[in-house]
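Trainee: I have a structure to go through today. Could we take it question by question?

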Amino acid sequence: MTKKVLVPLAQGCEELEAVTIIDILVRGGVDVISASLDKNKVITASRGVQLIANKTLDEVLEESFDMIVLPGGLPGADYLNSDQRIIALLKQTALNQGITAAICAAPKVLVTAGLLDNRKATSYPGVIDQNPANGMQYINTPVVTDGNIVTSRGPGTAIDFALELLQMLMDEKTRNEVEAALVRG
């Protein structure tokens, strides 16, 4: 059965993170749905690059996902953080034993949703280390996995983050095949 992942795209998201996450998961055979927060499916990312979402968030609210991944960037992460639909989807995914993941400034959304309480996590410097969740342990490494929650630091860690997500969804063999084809070394 194909794994299904939601990547919400907010205006002002970090384009390198969004595209890297989507690309690597698709390369690994994952069904990725990108969704805009409003009716406008054209997203102007933080550096002015335009991305086009597959659907709107309202169109996918009743669907279930194996994983929800939040790209960072500002003001994109702030829009995600203030959207109660996103908070509800994250909580529901966690309740269903799905994977919730966020990179850069987006881990603050996981804090808002209460998903980082008593967990290990990372983020872009100054985001959640300054305003941690209750009992959260901040780890200064590129990718932190704690149970079904994965966090990462920023654009420079996006490939490692996406490969970790792919391995969690699929398996190590799929991750290794996708990584080898990227010719990283």
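Trainee: Where does Ala-10 lie?

Mentor: First, a word on the source: this is a predicted model, where local features need pLDDT of at least 70, side-chain atom pairs count only at pLDDT 80 or more, and totals for chains, interfaces and linings use all residues. Residues are numbered from 1 along each chain as its sequence is written, and side-chain values use heavy atoms, with hydrogens and water left out. Helices (H or I, at least four residues) and strands (E, at least two) are DSSP runs, numbered from the N terminus. On that scheme, Ala-10 lies in the loop between β1 (4-9) and α1.

Trainee: Is Ala-10 buried or exposed?

Mentor: Buried means under 20% relative accessible area, exposed over 50%, and partly exposed in between (1.4 Å probe, protein chains only). Ala-10 has a relative accessible area of 1%, so Ala-10 is buried.

Trainee: Which residues does Ala-10 touch, not counting residues up to four places away in sequence?

Mentor: Contact means heavy atoms within 4.5 Å. With residues up to four places away in sequence not counted, Ala-10 touches Leu-37, Ile-43, Gly-76, Tyr-79 and Leu-80.

Trainee: How many Å apart in space are Val-7 and Ile-22, C-alpha to C-alpha?

Mentor: Val-7 sits in strand β1. Its relative accessible area is 0%, so Val-7 is buried. Residues up to four places away aside, Val-7 touches several residues, including Ile-22 and Val-69. Val-7 and Ile-22 are 15 residues apart in sequence, and their C-alpha distance is 7.5 Å.

Trainee: Why do the buried residues of α7 line one face of the helix?

Mentor: The buried residues of helix α7 (residues 172-182) are Thr-174, Arg-175 and Val-178. Seen down the axis of α7, they fall within an arc, taken from the directions from the helix axis to the C-beta atoms. They line one face because that arc is 100 degrees.

Trainee: Which residues are exposed on the other side of α7?

Mentor: The buried residues have cover that includes α1 (15-27) and α6 (158-169). On the other side of α7, the exposed residues are Lys-173 and Ala-180.

Trainee: What does a side-chain oxygen of Asp-171 reach at the start of α7?

Mentor: Look at the two ends of the helix. After α7 comes Val-183, with a positive phi near 50 degrees. At the start of α7, the side-chain oxygen of Asp-171 comes to within 3.3 Å of the backbone nitrogen of Lys-173.

Trainee: With which side chain does the side chain of Thr-122 make a polar contact?

Mentor: Thr-122 is in the loop between β8 (120-121) and β9 (137-138). Thr-122 counts as buried because its relative accessibility is 0%. A polar contact is a pair of N or O atoms within 3.5 Å; within protein, one must be able to donate a hydrogen and the other to accept it, and residues adjacent in sequence count only if both atoms are side-chain atoms. The Thr-122 side chain reaches the backbone oxygen of Ile-139 at 2.7 Å, and at 3.5 Å its side-chain partner is Arg-153.

Trainee: Which peptide bond is cis, with omega near 10 degrees?

Mentor: Most residues other than glycine have a negative phi, and most peptide bonds are trans. Pro-75 is in the loop between β6 (67-70) and α3 (76-81). The cis bond runs from Leu-74 to Pro-75.

Trainee: Is Gln-97 buried or exposed?

Mentor: Gln-97 is in the loop between α4 (84-95) and β7 (99-103). Its phi is positive, about 65 degrees, although Gln-97 is not a glycine. At 60% relative accessibility, Gln-97 counts as exposed.

Trainee: And Cys-104, buried or exposed?

Mentor: Cys-104 lies in the loop between β7 and α5 (107-112). Its phi is also positive, near 70 degrees. At 7% relative accessibility, Cys-104 counts as buried.

Trainee: What volume does the largest pocket have?

Mentor: On a 1 Å grid over the protein atoms alone, a pocket is an open set of points where a 1.4 Å probe fits, with protein on both sides within 12 Å along at least five of seven lines; lining residues have an atom within 4 Å of a point. Among the lining residues are Leu-74, Cys-104 and Tyr-124. Grid points are joined across faces, edges and corners, and a volume is the space filled by probe spheres set on the points. For the largest pocket that is about 160 Å³.
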